[in-house]
Amino acid sequence: MDQGGAPPVFSATAEIDGDQLRVQVVGEVDMATADTMYQTVLRESARHVTLDLRAVTFFDSAAIHAVVRLAQQLPGALTVLPSRQVRRVLEISGLGEQRWLEQA
C-alpha cells in the first residue's frame, strides 16, 4: 500500500583531492544502492579512500558485503566513518573491530 511518502533518498558523491578520495553516502544503502556506493569508490584512483557513511540511515547485508569487498580491494587504504546505525550493524556482524572502521 502506497502511503504517498517520498522515496528514500540515496546519494554517493566522490571528491578527489590529490591522492585522497572522499566518498560521502547519504540515505539508505541496501540491495538497490550498495553497488552504486561500491562503484563510486572504485571509479577514481587514490592512495587513500575515506568512505563517509555518517549520513546513512539504513545499512543491510548488501551494504556490508560492499564495504568488505572495498576493504579487500583497498587494503590499508580505506577508512570508513560510520553513522550510529552503520556502526551497530557492523558490530552485530562481527566487524566492529576492523582496522578500516573509524573508532568513536
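Okay, housekeeping. Residues are numbered from 1 along each chain as its sequence is written, and side-chain values use heavy atoms, with hydrogens and water left out. Since the model is predicted, local features need pLDDT of at least 70 and side-chain atom pairs count only at pLDDT 80 or more, while totals for chains, interfaces and linings use all residues.

Let's start with helix H2, residues 61-73. When I say helix or strand, I mean DSSP runs numbered from the N terminus: helices are H or I with at least four residues, strands are E with at least two. H2 has 13 residues and reaches 18 Å from first C-alpha to last, close to the 18 Å expected at 1.5 Å a residue. That expected span is 1.5 Å times one less than the number of residues.

So which residues of H2 are buried? They are Ala63, Ile64, Ala66, Val67, Leu70 and Ala71. They sit on the same side of H2, because they cover an arc of only 160° around the axis; the arc is taken from the directions from the helix axis to the C-beta atoms. Buried here means under 20% relative accessible area, exposed means over 50%, and partly exposed is in between, with a 1.4 Å probe and protein chains only. Turn to the face away from that buried side and you find Ser61 and Gln72, both exposed.

What covers the buried side of H2? The cover includes strand E2 (20-29), helix H1 (34-43), strand E3 (48-59), strand E4 (78-82) and helix H3 (84-92). One detail at the start of H2: a side-chain oxygen of Asp60 reaches to within 3.0 Å of the backbone nitrogen of Ala62.

Now the core. The largest nonpolar core has 29 residues, and the ones with the most contacts inside it are Val25, Leu51, Leu53, Phe59 and Leu78. By nonpolar core I mean buried Ala, Val, Leu, Ile, Met, Phe, Trp, Tyr and Cys residues joined through side-chain atoms within 4.5 Å. E2, H1, E3, H2, E4 and H3 each supply at least two residues of this core, and the largest share, six residues, comes from H2. As background, nonpolar side chains tend to be buried together in soluble globular proteins.

Let's zoom in on two of those core residues. Leaving aside neighbours within four places in sequence, Leu51 is in contact with a list including Val23, Val25, Met37, Val67, Leu70 and Leu78; contact means heavy atoms within 4.5 Å. Val25 is in strand E2 and counts as buried at 0% relative accessibility. Among the residues Val25 touches, not counting those up to four places away in sequence, are Phe10, Met37, Leu51, Leu53 and Val56.

On to charge. How many salt bridges does a search of the whole structure find? Two, where a salt bridge is a side-chain nitrogen of Lys or Arg within 4 Å of a carboxyl oxygen of Asp or Glu. In one, the side chains of Arg22 and Asp52 meet at 3.1 Å, N to O. That pair links distant parts of the chain, with Arg22 in strand E2 and Asp52 in strand E3, 30 residues apart. Arg54 also meets Asp52 in a salt bridge, at 2.7 Å, N to O, and Arg22, Asp52 and Arg54 are linked in a network. Asp52 is buried, with a relative accessible area of 4%, whereas Arg22 is partly exposed at 35%.

A quick stop at Thr79, in strand E4. Thr79 counts as buried, at 17% relative accessibility, and its side chain makes a polar contact with the side chain of His48 at 2.9 Å. A polar contact is a pair of N or O atoms within 3.5 Å; within protein, one must be able to donate a hydrogen and the other to accept it, and residues adjacent in sequence count only if both atoms are side-chain atoms.

Last, helix H3. Val86, Arg87 and Leu90 are buried there, and those buried residues fall within an arc of 100° seen down the axis, so they line one face of the helix. On the other side of H3, Arg84, Arg88 and Ile92 are exposed. The cover over the buried residues of H3 includes E3, H2 and E4. Val86 itself sits at 0% relative accessibility and touches Leu53, Val56 and Phe59, not counting residues up to four places away in sequence. After H3 comes Gly94, with a positive phi near 85°.
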